[in-house]
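Dear colleague,

Please find below the structure for your review.

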Amino acid sequence: MAKAKSTVFFCQSCGYESAKWLGQCPGCKEWNTMVEEPAAGRGNSTGRGNGAGGSGSRRGAAEPVSLKQVDLREGERMTTHIGELDRVLGGGIVPGSLSLVGGDPGIGKSTLLLQVCRHMAADGRKILYISGEESLQQIKMRANRLGEFSDRLLLLCETNLEVVEQTIRKQLPAVAVIDSIQTMYREEISSAPGSVSQVRESTNVLMQLAKGLGVSVLIVGHVTKEGTVAGPRVLEHMVDTVLYFEGDRHASYRILRGVKNRFGSTNEIGVFEMKEEGLVEVENASEFMLSGKPEGASGSVVSCSMEGTRPILLEIQALVCHSNFGIPRRQATGMDFNRLNLLMAVLEKRLNLQMADCDAYVNLAGGMRIAEPAIDLGVVMAAVSSFKNRAIDDKTIVFGEIGLSGEVRGVSQASQRVSEAAKLGFTTCILPAVNAGQIRTKEEIRIIGVRTVRDAVDLI
């Protein structure tokens, strides 16, 4: 009988398993993602329970049920008393859910979850905070800055997954926080904590506990230099909700973005400000993003982007100047670099503006990263304003998508964008002509519809 192979190769992106090393993963087609992991003990613990309904003991095969017999049990979400977080989650934490919170080191992941524990423990719920990175004294020091805590909050410093599992089964908390998943390990697996095998096994055990016991589990995940959660990509597929904490840790703002949510809409964001007493909600994100906007300066225009169901007003800054080098420089902060090159090409071709020998710098003030094409018209207006050195009225807002022919295309949810601008005191709105006829607003704001880029630039 052939001897079983002691090691196998896993793909760090999708978790594909292979008996030999491969340059390209057959599963996700990524290159150089295969890593060698010990195979001993991997099959001893992954088959426990009964999937989503497993409780640790073997049971008979699950019986199919009619769709009409499934009880949704509406109204069971648990509020965190943090409005911005509840917005991203879709109304609160769902019992039995498994959520992943990722972000750069020092961004405030542990602080946010400790604040969640504080509010929910004050409601009389039992909360279990499990830390594999900090001691009890370190957690206490952070807690002292946040305020008073209830006795319903229990702390545990442990990295052994067996001990963590036994504690959760014994205490049966309403919410369990794991900080972080990369520090958890199972003794049966000989690889180091944070490896593909350990992370996948730990997440699988926590998923069975969440679904079987009805315990809501919040997992903290480290991110790589590319900005993705460290470990196998299958980690994000196993959890119910994936939240990313973004922002410069040296700045005051923090943005919590939902990229996956099985219980609500995705692409919702929550805005926080880091202060001495912890993370504070920024309820009016548009006003926060526009704070400090210069008055009467060329190259500055206000645009509007939709983040989920929430309109966000932001300032687009552009600086266009003649280059002293043979190849002009293009730089985009907060938007796609290739999109900037495309818009500059449209200006040269459709408006005959000679920008081929000019450097162009575009910045979305406030640290936001926007991928929506609705800010195209704002970027173009800011670039032309800087190129011609003509300021745009401070009370004017601009949004719209631009095509390669120079046409201004319609955008979704235009009425919400206009209403948000009117609330903040803007008096003029330049938008696609397709959307202009659909606006029905009672606010005092002038609506100007444009069909081409030339029509918009002529308004400057």
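In which sense do strand 7 and strand 8 pair, and over how many bridges? Strand 7 (residues 175-179) pairs with strand 8 in the parallel sense, over five bridges; two strands count as paired if DSSP finds at least two bridges between them. Helices (H or I, at least four residues) and strands (E, at least two) are DSSP runs, numbered from the N terminus.

Please note that this is a predicted model, in which local features need pLDDT of at least 70 and side-chain atom pairs count only at pLDDT 80 or more, while totals for chains, interfaces and linings use all residues. Residues are numbered from 1 along each chain as its sequence is written, and side-chain values use heavy atoms, with hydrogens and water left out.

Strand 8

Strand 8 spans residues 216-222, and six of its seven residues are buried (buried means under 20% relative accessible area, exposed over 50%, partly exposed in between, with a 1.4 Å probe and protein chains only). Within this strand, Leu218 is the bridge partner of Val177, and Val220 is that of Val101. Strand 4 (residues 98-103) also pairs with strand 8 in the parallel sense, over six bridges. Strand 7, helix 5 (residues 196-213) and strand 8 together form a right-handed β-α-β unit; right-handed means that, with the strands pointing away from the viewer, the path from the first strand over the helix to the second runs clockwise.

Salt bridges

The count of salt bridges comes to 16, where a salt bridge is a side-chain nitrogen of Lys or Arg within 4 Å of a carboxyl oxygen of Asp or Glu. One of them joins Arg186 and Glu165, whose closest N and O atoms are 3.6 Å apart. Arg186 lies in the loop between strand 7 and helix 5 and Glu165 in helix 4 (residues 161-171), so the pair ties together parts that are 21 residues apart in sequence. Both Arg186 and Glu165 are buried.

Arg257 and Glu246 form another salt bridge, at 3.2 Å from N to O. This pair ties together strand 10 (residues 253-261), which holds Arg257, and strand 9 (residues 241-246), which holds Glu246. Arg257 is buried at 11% relative accessible area, whereas Glu246 is partly exposed at 25%.

A further salt bridge, at 2.3 Å from N to O, is formed by Arg339 and Asp376. Arg339 is in helix 8 (residues 337-351) and Asp376 in helix 9 (residues 376-388), 37 residues apart. Asp376 is buried, with a relative accessible area of 1%, while Arg339 is partly exposed at 23%.

Yours sincerely
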